[in-house]
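Here are some notes for a first look at this structure. Please read them with the model open beside you.

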Amino acid sequence: FWYLQGASVPGEAEPPAPELVEAEVGGTALLTCGPSHSQSNFSHVDWFSVHKEKPTLIFRVRKGQGQSEPGEYQQRLSLQDRGTTLVLSHVTPQDERIFLCQVKRPQSQEHRIQLRVYKAPEEPTIQVNPLGISVSSKEPEEVATCVGKNGYPLPQVIWYKNGHSLKEEKDRVYIQSSQIVESSGLYTLVSVLKAQLVTADKDALFYCELSYRLPSGNHMKESREVSVQVFYPAEKVWLEVEPVGALKEGDRVEIRCLADGNPPPHFTISKQNLSTKEVEEMTPEDNGVLVLESAQKEHSGLYQCQGLDLETMASLLSDQQELLVNYVSAVRVSPAAPESQEGGSLVLSCEAESNQAVQFQWLREKTGQVLTEGPLLQLHNLKREAGGGYRCMASVPSVPGLNRTQLVHVAIFGSPWMTQKERRMWVQENAVLNLSCEASGHPRPTISWSVEGMAQEQDQEPQSVLSVLSVLVTPELLRTGAECVASNSLGRNTTTIFLELDSSRSTGLSTSTVSPSVRANGTSTEKKLPEPESKGVAIVAVTVCVLVLAVLGAVLYFFYKKGKLPCGRSGKQEITLPPSRKSEFVVEVKSDKLPEEMGLLQGSSRDQRAPGDQVRMIKYC
């Protein structure tokens, strides 16, 4: 055979081209010995693998039965289709070679098969140059490296920038590719893109594409897109202020220097005073930002950024930008400590300065009610209740949130004032009790207590004081109660606290406190004991007397009806008694009204009666 002899004889016809069979790594290859319509007898066939033009017997077919020869194919070959097809399983890259079958009966024939093996590479990975590239470089620098692993045969690589394929260009673009043969026979492709970049490439996106073939056709895989850091000098410097809009004192302000270079230049900031024209140099943070945590009016001025490129030593200046911090000065109220007699009048004035138009408002501190618009507050016919806090607010309508206020306390002369005079309090014996008492007045009153204890005072307002007394509930305290005395140069006032033992209530607390917040108008008055029982006793006595008089009147009326009690027009009657009863009394009733018309109790004059309503007792002699 020509193949076995190594060359064809001159003048003889060239052998036909081998049949092409394709398979993927790990798959199965079907090697058919000749066309399907061949009339050859395949009961006696020898199969060879040809490597480096050297045939090696790998399989025999005798009488339709196959037998593998020892070697690399011994466990991977089998027969199919009545012996015409040799099945090669677990294909490897080393199987890419020519396979030869020889049929010896009825006559000698041979058939050559070229096996092509394919394996798709893994997804390509891309690694960008971490150091970046300067546009001032004189030769192409490494942009990125693309790696495609475990492909067969070696895939082709194409580089892209912004979606457009790159081709090698002298002194501009270089693509260097290399391959690694793995122990499995597969290839790993390593491709390096080198290019000379310009400033416009700072936002460019690069990626690589691997092209490869499989039995099913041509395919491709793309890497992710990457961008490389490009270093270029700045051409422009500018300044920005945050927040945008009207600024006011107290705002957090950032003055930011920016440039179009990478890396940014070294920044300094200068500020020119608008009135004095003096220039002040200021050093921002490393990122070119100057932070004013609480801006003040002194920060107003013309600001300018200067950028210095440390590589080229070129200096750039930004345009000047005015920074205006709006302000309102401290509010001044006159008089600072207003005071007046009851029924008098006061005029309070308010002043403040600002670089903008200012509006004034007066508010009642206690309620927040707006009393008037404008810098003047007029108070007439002042009463004690008019004392307390008044607040003046100076605001700038054109700058939201810009305002300042000042509180002033109006004092009305008067003796101490307490809204309640007395109160009852239910307590537990032997408990520690906190008694509170609050008083107001001008001059500011002082507070004393009628019982011993530990007292603490707290200023509520300039003319008010709160005293809290801690005492132990004793039988003596239950009997006498406690009295809070508030006094100043104009008088004194008291709050009486009556204590009553509450045996029906039980509590685990050993201390009781009455909070002043639950008392009307801030006056401390505790629960009081019942009033003395003298009024009840008097009512009972009067009732008994009336009943006695009613019975006596009924007896006299009975005697009159019987004729035993003659009466004249004067209404005077005498009763003649036996000698044994001459020492007894006779009752004379003199009245201008019927008994049912007589008042039993005349209001507060319960102990007095009209002359005509008197009952006289006359001793009979």
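1. **A cut-off to start with.** A residue counts as buried when its relative accessible area is under 20%, and as exposed when that area is over 50%. Keep the first cut-off in mind for several of the points below. Note also that this is a predicted model.

2. **Q196.** Start in the loop between β16 (187-195) and β17 (206-214), which is where Q196 sits. Is Q196 buried or exposed? Its relative accessible area is 18%, so Q196 is buried, given that the cut-off is under 20%. The side chain of Q196 reaches the backbone oxygen of S137, at 2.7 Å. S137 is also among the residues that Q196 touches beyond four places in sequence.

3. **Confidence.** The average pLDDT for the chain is 82. A score of at least 70 is reached by 79% of the residues. Two stretches need care. Over residues 506-537, pLDDT stays under 50. The model has 72 contacts beyond four places in sequence for that stretch. Over residues 564-621, pLDDT again stays under 50. Here the model has 52 such contacts, beyond four places in sequence. Where pLDDT is low, the predicted coordinates should not be read in detail.

4. **The largest nonpolar core.** This core has 25 residues. Which residues have the most contacts inside it? They are V45, W47, L88 and L115. The elements that give two or more residues to this core are strands β1 (19-24), β2 (29-32), β3 (44-51), β4 (54-62), β7 (85-88), β8 (98-103) and β9 (109-118). Take L115 as an example. Leaving aside neighbours within four places in sequence, L115 is in contact with V21, A23, A29, L88, D95, E96, R97 and F99. There is also a second, separate core, with 22 residues. V331, L382, C392 and V408 are included in that second core.

5. **T84.** This residue lies in the loop between β6 (77-80) and β7. T84 has a relative accessible area of 16%, so it is buried. Beyond four places in sequence, T84 touches L31, T32, C33, F42 and W47. W47 is one of the residues with the most contacts inside the largest nonpolar core. T84 and G64 are 20 residues apart in sequence. Their C-alpha atoms are 9.2 Å apart in space.

6. **A four-stranded sheet.** Look next at the open sheet of 4 strands, in the order β14-β13-β17-β18, with antiparallel pairing. Which strands stand at the edges? They are β14 (164-165) and β18 (217-222). Each has a single partner strand, so one side of each is left without a neighbour in the sheet. Strand β13 (residues 156-161) is joined to β14 by 2 bridges, and the two run antiparallel. Within β14, H164 stands opposite K161.

7. **Aromatic pairs.** The structure holds 3 aromatic pairs. One of them is Y152 with Y187, a stacked pair with 5.5 Å centre to centre and 10° between the planes. Y152 lies in the loop between β12 (141-151) and β13, while Y187 is in strand β16, so the pair ties together parts that are 35 residues apart in sequence. Y152 counts as buried, at 10% relative accessibility. In Y160 and Y207, the ring centres are 4.8 Å apart and the planes are at 5°, so this pair is stacked. Why does it tie together parts that are 47 residues apart in sequence? Because Y160 lies in strand β13 and Y207 in strand β17. Y160 is buried, with a relative accessible area of 13%. Y207 counts as buried at 10% relative accessibility.

8. **Strand β40.** In strand β40 (residues 432-442), 10 of the 11 residues are buried, so the strand is largely enclosed by the rest of the structure. Which way do β40 and strand β43 (residues 464-472) pair, and over how many bridges? The pairing is antiparallel, over 9 bridges. L469 in β43 is the bridge partner of L435. Strand β38 (residues 414-417) is joined to β40 by 2 bridges, again antiparallel. There, W417 stands opposite S440 in β40.

Conventions
Residues are numbered from 1 along each chain as its sequence is written. This is a predicted model: local features need pLDDT of at least 70, side-chain atom pairs count only at pLDDT 80 or more; totals for chains, interfaces and linings use all residues. Side-chain values use heavy atoms; hydrogens and water are left out. pLDDT is the predictor's confidence in each residue, from 0 to 100. Contact means heavy atoms within 4.5 Å. Buried means under 20% relative accessible area, exposed over 50%, partly exposed in between (1.4 Å probe, protein chains only). A polar contact is a pair of N or O atoms within 3.5 Å; within protein, one must be able to donate a hydrogen and the other to accept it, and residues adjacent in sequence count only if both atoms are side-chain atoms. Two strands pair if DSSP finds at least two bridges between them. A nonpolar core is a set of buried Ala, Val, Leu, Ile, Met, Phe, Trp, Tyr and Cys residues joined through side-chain atoms within 4.5 Å. Rings of Phe, Tyr and Trp (its six-membered ring) pair if their centres lie within 6.5 Å; planes under 30 degrees apart count as stacked, over 60 as edge-to-face and the rest as tilted.
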